[in-house]
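Student: I would like to learn how to read the packing of helices and strands in a model such as this one. Could we go through it feature by feature?

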Amino acid sequence: MRQIQHFVDGQALAGTSGRFADVFNPNTGEVQAQVALASAAELDAAVQVAARAQIGWAATNPQRRARVMFEFKRLVEARMDELAAILSSEHGKVIADSKGDIQRGLEVIEFACGIPHILKGEYTEGAGPGIDVYSMRQPLGVCAGITPFNFPGMIPMWMFGISIAVGNSFILKPSERDPTLPVRLGELLMEAGAPAGVLNVVHGDKVAVDAILHHPLIRAVSFVGSSDIASYVYSVGAANGKRVQAMGGAKNHGIILPDADLDQAVKDLIGAAYGSAGERCMALPVVVPVGARTADALREKVLAEIDTLKVGISTDPAAQYGPVVTAAHKQKIETYIQMGVDEGAELVVDGRGFSLQGYEKGFFVGPSLFDQVKPTMKTYQEEIFGPVLQIVRAETFEEALSLPSEHPYGNGVAIFTRNGRAAREFASRVNVGMVGINVPIPVPVAYHTFGGWKRSAFGDTNQHGLEGVKFYTKVKTITARWPEGAVEDSAFVIPTMK
Ligand code: NAD
């Protein structure tokens, strides 16, 4: 059986804890590899390596650091087919979507290529008599990232791209369910010219996460995953004096106003609800049509689209989505579907029991559609993270606005309308972090920032963009003067700028 090793100090490192996790091929259901799970001692050894590497790296001028990012981008692009195939084989998302996952990460690397400009700092000449004031952003030291299974390319690059560009070294603890791509990214960063030890990939589960949260040399922890664990990581990390940003789960709503271009909205909705088998934190698993006529027309059009949906193995170029990540996750999704039935929602399309000829043991779930879902239902309040779309009917704009606003999660939301004023009011008032107007998956571009509200994010800085730079740096402000001539008297009063 293939063993997936850690990547520390520029080389593969066999695990010594004696603990491993199975890595599946979701298309066939077979175990294809075993990944080493680090102990606290193994994590500590990687942190010591990272701490040593960080000193020289921080002293490397920003333009040279940016050149490494440029070269890394070139290497990843040159190997896109190989990397997408690796990602797809462990995650189960189709090849085109796997390339999209990596490409969205590369867009953050492109942003990181501009780091010399971004780190220039601020300068005020003559803030007082002969006094100049300047501020600079300095790296923190060793930082860590803990990432989920659903974007094994993009989310690690969100984190290490910026953290390393500003002069930190990094410990990446990727998801144990699809760990191979993050290791390849680490190897390519070294090939691009980053010194050994600047990016270390340490695999693991709760043991490794706890070791990160308690390690005194780790200054900042970025986490993306489910909300209960995000909340745990935030509170334990913060209690240990670390900077923590912890992104959690989601339940995003698509609001359809009566004047929307319904054909376009349904096309957008289908892709956003079922793409990547619904395993996206910016998926649209809830649709809220306003008014009975809109709801009935929407339901009919959604049904027609579901009829044409092609579910297949992740390497099938005709497949629109592939299997879900594990048998356990498939089971969880199917349990939620049964729960929806038991709660009294109308199961219009049942994706359970979906089987693909020749791949009967694969982790496939067919598209499911619920109508008459009510806000009090558990299946509405909780994240299902599968190819399940729920219709929640609303009578009015106000009711449609209140649903995502009052939902415990607040990652993304989309509104479909031709009415600019209604869209503007919705965007202004909705209690959610990222809003799409006729855009179904409003993931902000790399030079803006990504982050939800409420149970979708803990901590106060977003991922990437300038907030990412702030998260991974600390500000130092220098007030300088060069006195000459007679000695001035002591000042016992706080100096002011009168
Ligand atoms: P997860 O919470 O199970 O795992 C995330 C990370 O936490 C992994 O690295 C895992 O090894 C680690 N972990 C697992 N159990 C742990 C424990 N008990 N203690 C400490 N660490 C633990 O999430 P997942 O299933 O890999 O990913 C899907 C979730 O991530 C969904 O909830 C999804 O909405 C969310 N997500 C959020 C965003 C966002 O930006 N808000 C983006 C992508 C995914």
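Student: How many residues does helix α4 have, and what distance does it reach from its first C-alpha to its last?

Tutor: Bear in mind that this is a predicted model. Helix α4, residues 95-112, has 18 residues and reaches 26 Å between its first and last C-alpha, which is close to the 26 Å expected at 1.5 Å a residue.

Student: Which residues of α4 are buried, and what covers them?

Tutor: The buried residues are Asp97, Ser98, Asp101, Ile102, Gly105, Leu106, Val108, Ile109, Phe111 and Ala112. Their cover includes α2 (62-78), α3 (80-91), α5 (115-118), α6 (154-165), α7 (180-191) and α16 (465-471).

Student: At what angle do α3 and α7 pack?

Tutor: Two packed helices are described by the angle between their axes and by the distance between those axes. Here α3 and α7 pack at about 155°, with their axes 8 Å apart; because angles over 145 degrees count as roughly antiparallel, α3 is roughly antiparallel to α7. On the α3 side the contact is made by Glu82, Leu83, Ile86, Leu87 and Glu90, and on the α7 side by Thr180, Leu181, Arg184 and Leu188. By class, this contact of α3 with α7 has five nonpolar, one polar and three charged residues.

Student: Which strands does α3 lie across, and in what order do they stand in their sheet?

Tutor: Helix α3 lies across β1, β4 and β5, running at about 105° to β4. The three strands form an open sheet with the order β1-β5-β4 and mixed pairing, in which β1 (2-4) and β4 (20-25) are the edge strands, each pairing on one side only. Strands β1 and β5 (residues 30-36) pair in the parallel sense over three bridges, and arginine 2 has alanine 33 of β5 as its bridge partner.

Technical notes: Residues are numbered from 1 along each chain as its sequence is written. This is a predicted model: local features need pLDDT of at least 70, side-chain atom pairs count only at pLDDT 80 or more; totals for chains, interfaces and linings use all residues. Side-chain values use heavy atoms; hydrogens and water are left out. Helices (H or I, at least four residues) and strands (E, at least two) are DSSP runs, numbered from the N terminus. The expected span of a helix is 1.5 Å times one less than its number of residues. Buried means under 20% relative accessible area, exposed over 50%, partly exposed in between (1.4 Å probe, protein chains only). Contact means heavy atoms within 4.5 Å. Axes are lines fitted to C-alpha atoms, for helices over the stretch in contact, and angles run from 0 to 180 degrees between N-to-C directions. Angles under 35 degrees count as roughly parallel, over 145 as roughly antiparallel, 65 to 115 as roughly perpendicular and the rest as oblique. Ala, Val, Leu, Ile, Met, Phe, Trp, Tyr, Cys and Pro count as nonpolar, Asp, Glu, Lys and Arg as charged, and the others, Gly among them, as polar. Two strands pair if DSSP finds at least two bridges between them.
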